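Thanks, everyone. I have one structure today and a few points on it. Here it is.

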Amino acid sequence: MSRFLNRMKAVPVLIGLSLLAACGSSPQVQYYQLRAEPPGTSSSPIAAPVSADSASSASAGIWALGPVQIPEYLDRDAIVRPSGQAMLRLTPSERWAESLRDAIPRLLQQDLARLHGSARIWRLPLPPGLSAERQLRVDIQRLDADAGPRPLLVLLARWTWLDPSGRQPPQVHEQRFEVPAGDGSTDALVAAHRAALWALAQAIGAH
């Protein structure tokens, strides 16, 4: 009888452990990366820019890439998606392999180097012996999907060219970029992020 009672006491414990194990299980985390190569370009090293004028432009002066700001809601591991008119949805199982706060400045530098020569584009602070002709500050004001009828990635950016010598006034530019996000899947959305950043680098280099 005592053995039977002990078994009956153990049943609730086993059930509780099974419920805890079920609650503790979660979907497998998938990580997404912003690729180093811009869309539509080869995987050739960035030291060999695709711009035809790269050799001459590389000697035209140093561009110093300064602070690159992103909104607080993008500074997280989970990928952000719109939901409704004003809500943002974060799926814990879909995450960035690298934080956007680190990835965006790195990719902007690489893209500008690809367009204008790797010897010309540097990140602040500059190493000893280098001085910048122009300093670039970038403010990413929006980078997320539009909650419209078709999948669309929207990038709203403001960038400022500064003269380190102080002789010229700041030059401020702002532009909105819209990139189709394919079938709306997370993979297509991440690819649209990369295409938008490449478009931003081209716009910056044109001013």
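D146 and R142 form a salt bridge, with the closest N and O atoms 3.8 Å apart. Keep in mind that this is a predicted model. R142 also forms a salt bridge with D144, and there the closest N and O atoms are 2.8 Å apart.

How exposed are these residues? D146 has 31% relative accessibility, so D146 counts as partly exposed. R142 is at 23% and therefore counts as partly exposed too. D144, at 7% relative accessibility, counts as buried, because the cut-off for buried is under 20%. Through shared partners, the salt bridges join R142, D144 and D146 into one network.

How many salt bridges does the count come to? Seven. One of them is between D111 and R194, whose closest N and O atoms are 2.8 Å apart. That pair links distant parts of the chain: D111 sits in helix 3, R194 in helix 4, residues 186-205, and the two are 83 residues apart. D111 and R194 are both buried.

Now helix 3 itself. Helix 3 runs over residues 100-116, which is 17 residues, and at 1.5 Å a residue that should span 24 Å. The end C-alpha atoms of helix 3 lie 23 Å apart, so the two values agree. Is helix 3 mostly covered or mostly open? Mostly covered, with 13 of the 17 residues buried.

What comes just after helix 3? G117, with a positive phi of about 105°.

That is what I have. Comments are welcome.

Technical notes
Residues are numbered from 1 along each chain as its sequence is written. This is a predicted model: local features need pLDDT of at least 70, side-chain atom pairs count only at pLDDT 80 or more; totals for chains, interfaces and linings use all residues. Side-chain values use heavy atoms; hydrogens and water are left out. Helices (H or I, at least four residues) and strands (E, at least two) are DSSP runs, numbered from the N terminus. The expected span of a helix is 1.5 Å times one less than its number of residues. Buried means under 20% relative accessible area, exposed over 50%, partly exposed in between (1.4 Å probe, protein chains only). A salt bridge is a side-chain nitrogen of Lys or Arg within 4 Å of a carboxyl oxygen of Asp or Glu.
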